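Let's take a friendly look around this protein.

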Amino acid sequence: MNIEQNQIEQHNDSLISAHQRKLNFIKEDWSHIDLESVIQKLVDFQIAIPSWALGTGGTRFGRFAITGGEPRTIEEKIEDVGLLHALNAASGAISLHIPWDIPQNADALKSLAAGYGLKFDAMNSNTFQDQSGAAHSYKFGSLQNVNPAIRKQAIEHNIEVIKHGIALGSAALTVWLADGSCFPGQLNFRKAFENTLESLQEIYSALPDDWKMFVEYKAFEPNFYSTTVGDWGQSLLYASKLGKKAYTLVDLGHHLPNANIEQIVALLLMEGKLGGFHFNDSKYGDDDLTAGSIKPYQLFLIFNELVEGMDAKGMNHAKDLGWMIDASHNVKDPLEDLLQSVEAIMIAYAQALLVDRKAFNKAQDQNDVAKAQEILQNTFRTDLRPLVAEARLRAGAALSPIGLYRDLACRKTLVNQRGVNTVATGL
């Protein structure tokens with residue numbers, strides 16, 4: 001489905017008066033801040049959409065169909081991300097998961113994506129599921145497996161993913177491993193680490209010079225006794241041993257409850273080993289909920305450290321880290337869910353950009369705890385949605401993405417085009 005620019009303009013015209021009134025209030029209240037610079041940073045900031053998030057989600061025990069219109073092919077997934085990008089101008093990349101979305105014609109896919117203003121973000125390998133026709137099972141792990149033939153199969157899969165990425169113009173590989181153990185005594189921890197490192201080294205050697213490897217971690221699940229890449233320290237250890245092209249990837253749901261993720265982010269940035277983010281939210285564990293739906297203050301605090309740390313290193317906010325959503329809507333229209341996640345991320349980023357760094361650093365240096373807290377909460381409690389909307393307006397997108405999505409009955413159109421009983425490719 002395509003949205004015409006005149007439809008966006010008509011939508012914006014109906015909301016522009018109220019928008020300008022709200023924006024003027026922010027400009028007056030924050031006249032000491034260069035808001036034009038902030039707005040431009042928001043325009044430049046892009047968040048990749050994962051191909052697996054565009055269809056039916058579900059719980060660990062079942063999947064419940066939406067009303068239909070799910071993307072049945074990679075091409076239709078690109079079209080859906082193009083729809084999101086037309087609505088919010090902040091979803092300018094798609095991240096593919098192999099073998100769920102194996103490209104058959106890379107040049108045609110690149111051309112299709114370019115037509116929607118999209119590029120291909122990090123490629124994602126999959127050794128946490130057994131694949132059809134594969135010679136070996138990953139029941140007892142992949143890159144860690146005690147069987148060299150199984151490790152070799154997993155290595156070759158990752159190298160295949162790199163080759164697909166090269167053809168599509170991607171420049172990063174994300175490796176997430178379900179490897180671990182369910183019971184005490186099942187696994188030799190040291191050998192599992194060494195096997196995994198040797199496997200990653202072989203994959204790393206296949207990376208082009210301008211590529212990055214993102215080593216993702218997770219505290220638990222699907223193995224509940226141990227995980228071979230279980231936390232940011234283990235990921236950092238792998239990335240440090242692999243070399244300068246290897247980085248840690250932070251998934252916000254991949255931590256034990258109440259972990260101080262903002263501190264993790266600060267230290268990884270300090271070490272030059274933070275590669276990127278998978279944005280989502282959680283109540284109990286790896287819940288993969290809509291970003292900012294449960295802990296918006298934590299999301300802001302994370303971005304506060306990101307902005308401070310990136311500025312300290314002279315990094316480009318939009319280009320030097322990988323930004324991607326990794327969530328499951330479960331019971332919502334997936335496109336509406338993704339629009340909500342992108343909005344929450346952009347708001348948290350805007351809040352972090354408005355923190356008075358000079359005053360904040362002074363309060364920290366003087367151990368003025370109350371002042372530091374007031375500075376943070378002053379920005380967090382300010383409604384910056386008009387600022388984010390202004391960035392969309394200037395980029396040619398909708399002032400209210402979900403509002404326009406519903407006004408144009410986009411889901412109904414997709415159902416009419418694709419049918420009711422559609423099932424998205426992938427998981």
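## Sorting the residues

For what follows, Ala, Val, Leu, Ile, Met, Phe, Trp, Tyr, Cys and Pro count as nonpolar, Asp, Glu, Lys and Arg as charged, and the others, Gly among them, as polar. Keep in mind that this is a predicted model.

## The second largest cavity

With a volume of about 50 Å³, the second largest cavity has a lining that splits into five nonpolar, six polar and one charged residue. Among the lining residues are Ser95, Asp121, Phe214, His278 and Met324. β12 (274–279) gives the most to this lining, with three residues, and β13 supplies at least two.

## The largest cavity

There are three cavities of 30 Å³ or more, and the largest holds about 100 Å³ of space. Its lining counts 14 residues, with Asn88, Ala90, Met346, Val388 and Arg392 nearest the centre. By class, that makes eleven nonpolar, one polar and two charged. α10 gives the most here, with four residues.

## Helix α12

Helix α12 covers residues 369–380 and reaches 17 Å from its first C-alpha to its last, close to the 16 Å expected. Its buried residues are Ala372, Ile375, Leu376, Gln377 and Thr379. What covers them includes α9 (296–312), α10 and α11 (357–365).

## Alanine 327

Is alanine 327 buried or exposed? It counts as buried, because its relative accessibility is 8%, and the cut-off for buried is under 20%. Alanine 327 sits in the loop between β13 (322–325) and α10 (334–353).

Leaving aside neighbours within four places in sequence, alanine 327 is in contact with Ala53, Phe279, Asn280, Asp288 and Leu289.

Key
Residues are numbered from 1 along each chain as its sequence is written. This is a predicted model: local features need pLDDT of at least 70, side-chain atom pairs count only at pLDDT 80 or more; totals for chains, interfaces and linings use all residues. Side-chain values use heavy atoms; hydrogens and water are left out. Buried means under 20% relative accessible area, exposed over 50%, partly exposed in between (1.4 Å probe, protein chains only). Contact means heavy atoms within 4.5 Å. The expected span of a helix is 1.5 Å times one less than its number of residues. On a 1 Å grid over the protein atoms alone, a cavity is a set of points where a 1.4 Å probe fits but cannot get out, and a pocket is an open set with protein on both sides within 12 Å along at least five of seven lines; lining residues have an atom within 4 Å of a point. Grid points are joined across faces, edges and corners, and a volume is the space filled by probe spheres set on the points.
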